[in-house]
Amino acid sequence: EQQQQQTTTTTTTMSENHRLRVADQKKPAPHEAKGSRGQRKPPRSPGAKRAKSPGMGAASKAKMKLAAKKSMKRWDPGHRKLKKRAKDVARVVRNHPRPEGKLSVRVNTDFPRTMALLREHHKDSWVGEKLQRVWEAMWKDGDMVVFELWYGPKLIAADIAHVVGKSFYVATRFFEQEYRKFQPGFLLALAETKVLAGAGFRLWDLGGTDSSPMMAYKQDITVRMSRPEFLARFAPLRGGRAAPLASGTVVEDIQTEHLILS
């Protein structure tokens with residue numbers, strides 16, 4: 001659930017630091033709550049209704065939008081890292097031979113194989129058997145989308161994601177180390193976002209990030225922002241609707257023109 005509103009699909013991650021700071025704020029215990037004159041508030045009767053939150057005003061929304069714009073300039077003006085990575089991947093696409101077949105992008109063609117490779121790649125993955133069964137049910141209902149990178153007859157990378165309006169949230173991803181010469185994780189990201197942009201998506205959301213090695217790749221292809229900054233971008237996209245993503249092969253033979261920012 002993260003988004004940055006631009007004319008093309010872009011990459012965004014949300015910093016966990018802000019969320020932790022908010023969660024760690026100390027709240028007074030119920031017996032310490034005071035009234036307007038220093039008096040203790042009487043306990044609320046079981047049948048009484050809670051007062052409704054006033055919600056976010058126009059001024060607060062304007063501040064969030066301004067903060068979101070500033071975050072883009074602060075983190076990566078002009079998407080320097082993303083453009084550099086795109087050039088590296090484009091060089092691989094142009095120069096590396098493909099003796100085993102074409103590099104192609106497919107959508108929702110082999111969910112069982114995707115789950116099997118995910119388990120092999122992430123031995124200690126947070127995706128357990130119960131969640132996999134939930135995902136399979138969602139996938140059958142069309143609520144789960146899997147972008148797949150194939151090398152000839154072999155599935156070598158995949159992104160497992162949810163669609164939220166015009167936002168595309170990637171829950172988890174993997175690639176096969178055996179084919180790292182193709183930079184399959186980055187290659188799939190750049191080809192996938194080009195497809196998503198063409199379908200009307202405006203945010204490619206990779207979720208939270210931290211300093212672990214598994215998260216290092218996000219620094220090359222994302223813009224990090226705090227939760228309020230993210231919400232300013234995500235809110236106007238949540239109720240939108242992008243074009244449906246058809247199952248099957250969406251890029252038959254990846255070339256440089258199929259990569260975003262190439």
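Student: How many of the residues of strand β3 are buried?

Tutor: Keep in mind that this is a predicted model. Strand β3 covers residues 145-151, and it's largely enclosed by the rest of the structure. Val145, Phe147, Leu149 and Tyr151 point one way, Val146, Glu148 and Trp150 point the other way, and all are buried. So the count of buried residues in β3 is 7 of the 7.

Student: Which residue in β3 stands opposite Leu103?

Tutor: Let's start with the strands. Strand β2, residues 103-107, pairs with β3 in the antiparallel sense, over 5 bridges. Across that pairing, the β3 residue standing opposite Leu103 is Tyr151.

Student: And how many bridges join β3 to strand β4?

Tutor: β4 takes in residues 154-164 and runs antiparallel to β3. The number of bridges joining β3 to β4 is 7.

Student: What is the phi of Gly152 in the turn?

Tutor: β3 and β4 form a hairpin, with 2 residues between them. Gly152 sits in that turn, and its phi is positive, at about 60 degrees.

Student: Let's switch to a helix. Is Gln132 buried or exposed?

Tutor: Gln132 lies in helix α5, which spans residues 129-141. Leaving aside neighbours within four places in sequence, Gln132 is in contact with Phe111, Met115, Arg119 and Val127. Its relative accessible area is 10%, and the cut-off for that label is under 20%. So Gln132 counts as buried.

Conventions
Residues numbered from 1 in each chain as written. Predicted model: local features only at pLDDT ≥ 70, side-chain atom pairs only at ≥ 80, totals over all residues. Heavy atoms only, no water. Buried < 20%, exposed > 50% of the residue type's maximum accessible area, 1.4 Å probe, protein only. Helix = DSSP H or I, 4+ residues; strand = E, 2+ residues; numbered from the N terminus. Pairing = 2+ DSSP bridges. Contact = heavy atoms within 4.5 Å.
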